[in-house]
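Please look at the structure before reading on.

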Amino acid sequence: MTYPIDRIRNFCIVAHVDHGKSTLADRMLQLTELVDPRKMREQYLDKMDIERERGITIKAQAARLPYKPLGDVDDEYLLNLIDTPGHVDFSYEVSRALNACEGAVLLVDAAQGMEAQTIANLYLALEADLEIIPVLNKIDLPAARPDEIAREIAAIIGGEPDDVLRISAKTGDGVAAVLDSIVDRVPAPSGNPDGPTRALIFDSIYDAYRGTLVYFRVVDGSVKPGDRIRLLATGFEGEIDDLAVNSPEETPIAALGVGEVGVLSAAIKEISQAKVGDTITLAGKNAREVEPLPGYREPLPMVFSGLYPMDSDDFPDLREALDRLRLNDASFTYEPETSAALGFGFRCGFLGLLHLEIITERLDREFNIPLVTTAPSVRYQVTLEQAIDPDTGEPKVVEVSNPQDLPDPGQIASISEPTVKAMILTPAAYVGAVMQLCEGRRGTMIAMDYLTEERVELRYQLPLAGIITDFFDQLKSMTRGYASLDYERGDYVVANLVRVDVLLNGEPVDAFSSIVHRDEAYPFGKNMVEKLRELIPRQMFDVPIQAAIGSKIIARETIKAKRKDVLAKCYGGDVSRKRKLLEKQKEGKKKMKSVGSVEVPQEAFVSALRSTGPKGD
Amino acid sequence: MAPVTAADPRAWLLDPVESGSAAGFGLYLHVPFCDHRCGYCDFATAAVGDQAEQDQQVLFDRYLDALVTDLRRQVAAGPRRHAPEDGRGAVGTAWPVVTSIFIGGGTPTLLGGERLAALLGAVHDCLEVAPDAEVTVECNPETASVELFGNLARAGVGRLSMGAQSFAPHVLRTLERGHDAQRPVTAMAQAREGGIAEVNLDLIFGTPGETDDDWRATLEAVLVAGTDHVSAYALTIHDNTAFGRAVASGAMPQVDEDLQRDRFDVAREVLGAGGFEHYEVSNWSLGPARRSRHNLLYWRHGDYLAVGVGAHGHLAGRRWWTTRSTARYLDAIGAGDSPIAGSEVLTDEERAEERLLLGLRVREGLHPNDLPPIEPLALEEAMDAGLVETSCGRLRCTEAGWFLLDEAVSRLAL
């Protein structure tokens, strides 16, 4: 059935992790009786295992909900729920999904209150001119403080605390009122049904059988199966094989018009040909004159890490696995590199740390390739002393995302590092601790606002390198879990940076090298060698660990040779247990990487970089 | 050629053993009862100290009956019942002659001399026992008496293994041992008076609170007591014990491996000076004749039957073990069911790995015929690292490599 434009409502749900977004979506599906109760499962829209396990949404999804408001038996509306990813790594994807909507449900946990991520996404929603419907969830929890948090929400978005709806997504209480509110308050889409077709891609996923599936929202015109489409940014052209809507299982549909949301396949072989934010139009001689929808951006990796197979024989398998992953995730990059310590591997670029974790976890889980992951790094811009760029006539600038590639200090005129604009929300009591943390990471305060008497919004410019290791963990532990963080990309800023190398048994181990601020080099080196002394098991001989800047040793520790390695007696002839213990020990050894003559555990390559700052209290 | 005497360091060379079958045939009988379960103990034990005397006696009678029933059933079923089905090891239909019997625990002597004598009588009734078989009973010093040892001697027991653990009173308290420091010395005199010549003392070193001097004094006391065999073990703390939980909660320090190594070296020095031969990583004897033949059977990959709770048997490459629960054991035997809780048939690789890990524990090391295939480079590296050496055509751990035995095994085993 097709719907007139004024019967369509497109909305999303803006919420913090754990505030109940997926549960609310589940209830909406049930209330509109779209899902057979026998097929209902928790977090219906989250399709990836990792999503369900971690309780987060990584990919955006959509669901089409036909809904008759109470007492309006003949009046059916079409509600399109566009589910957005919920993590700071994916804020660009969030912004595209928001642009596909006219309204947003702002869902806040009645016990926890607003979090930085919610506010950041709320600002994105306001920028996209969405109608905001504030909703308090989990009002049935004993710890709920609905009145207080309703006031907080009203203070941030304007309006009256009484306008904030109160629901329990878990029990379903109040969910119908949310749907009614969406019908009443979210504007119908506006667009030109007769203009040239333009549709916004807000997500794409890779399907092994059908190629890339593109999720989109029609802005102007219409699409139908058989149409030949063109994607403006990538130039891809192809014919629509399947056109469908998600209600919520995929259901074929004859055409989609202004304001409607659907999914299409068009023999798009690689996901990188259908990028989030791109504009779909109809192919033809006028296609090039179609104005692209605003806001498209190339995905840009921010965090880099070396991925090396534990077993060098796995290198071809790793390459194939990365090729396959790249098919359904166009936002990460990889290129081969070699390390003297680790052999052949890949330097990979990610949107953020969660993204890195997801990719490495998928490599382990779906492809079963044990990996060594080197400490995450950022991409530096290094201006060279003598060299001139022939194209610009300016001093030559090289980009460095692997500390090993940093040119000789004598050739460097200056190094710039990427920064972020961070927003931190914290209870007022922890402002001092948070400021100390940010300043310890070379942050510069931009603003501090008391949202209410109790909650403070801090804005900092911070070097990206300062927040990619354990900043978030430290922030959480210093504020007993109450502070939250969101950030967006900032400018490149010149800084006094040096490379700290680590030598094991006298040999430099390139995988342990890091670029750090000169003022932090000594404590960094000291912490690094102390950590490694704990992480590397005792060997048959003394192993010196040194940190160095160039040829200057700045810290040193020694792992003393081990003197005991024998398990208990074979009591009463129980040899099986003894053999199994030894076999387990041998398994453990396989998780070690031989670096020179030293056995280094897999996790040492990342863990050594985590600082040993105060843990809460 | 001059006769080789026990004191001659070449003596052990006259006792070459090339495979398990040549090592003899053993019988292990387990008695799980203890007055109190010590904080470090993770063996199959059942504390009965809280039970009324009469209830204890009823339980002991039932257990003795079950042991005898278990033994008779296994013997009647024949050796092929335990052998691997694939026919490896060429097991015959008749039981070999028993060369060693070991009654371990727990505290077997809690059963009393009469019950243990009855048990040994049952063994002689159904199996052929060699006239010179080694028969060992484990005991705790607090259960010792001349009368008990006399009964045991008359029943054919020629060797005692006593848990002395330490001669330092505060270490005994930490270990939750019920006897005072002098009790083992008295017990040894009682053993001789009762007619038992060979006595092993078990010792534990590296207990929290033990000093170097405590340990040295303990070793000196052992020399004075006049024992002919010493087993000294580094304290191992298992997660599932009271000590394990104390370490996890921070109430007890973790074992210090450097300190344990130092104590091990002290044991080698003091016992060596006292005339003891260090013939296995944790065992010392006054000459080859006083080594534990039953334990050598384990280390030489020999065959042995298992009777009782939590007991382990081995026959021709098949290992099996019985339930660790006394109640379940008694129920199974009573109902005519098997008390076996698990078993495994070893692959050729596993057998080779076992021979290596067991053989390197013993000073005599391994004959090349018993060695698993070893990568020449791995062997060379292990020798360069000072872990193993070849001596008289056999591969063995070096003195220094003994306390790094697991490193040596994991380097050599494929």
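How many salt bridges does the rule count over all chains? The count comes to 55, a salt bridge being a side-chain nitrogen of Lys or Arg within 4 Å of a carboxyl oxygen of Asp or Glu.

## Basis

This is a predicted model, in which local features need pLDDT of at least 70 and side-chain atom pairs count only at pLDDT 80 or more, while totals for chains, interfaces and linings use all residues. Residues are numbered from 1 along each chain as its sequence is written, chains are lettered from A and ligands numbered from 1 in the order in which they are written, and side-chain values use heavy atoms, leaving out hydrogens and water.

## A salt bridge within chain A

Side chains of opposite charge can pair when their charged atoms come close. Arg442(A) and Glu417(A) form a salt bridge, with 2.6 Å between the closest N and O atoms. The pair links distant parts of the chain, 25 residues apart: Arg442(A) is in the loop between helix H9 (431-440) and S22, and Glu417(A) is in strand S21 (residues 412-427). Helices (H or I, at least four residues) and strands (E, at least two) are DSSP runs, numbered from the N terminus.

## Where chains A and B meet

In chain A, 26 residues are in contact (heavy atoms within 4.5 Å) with 42 residues of chain B. Across this interface the rule finds 11 salt bridges. Asp258(B) and Arg538(A) also meet through their side chains in a salt bridge (2.6 Å, N to O).
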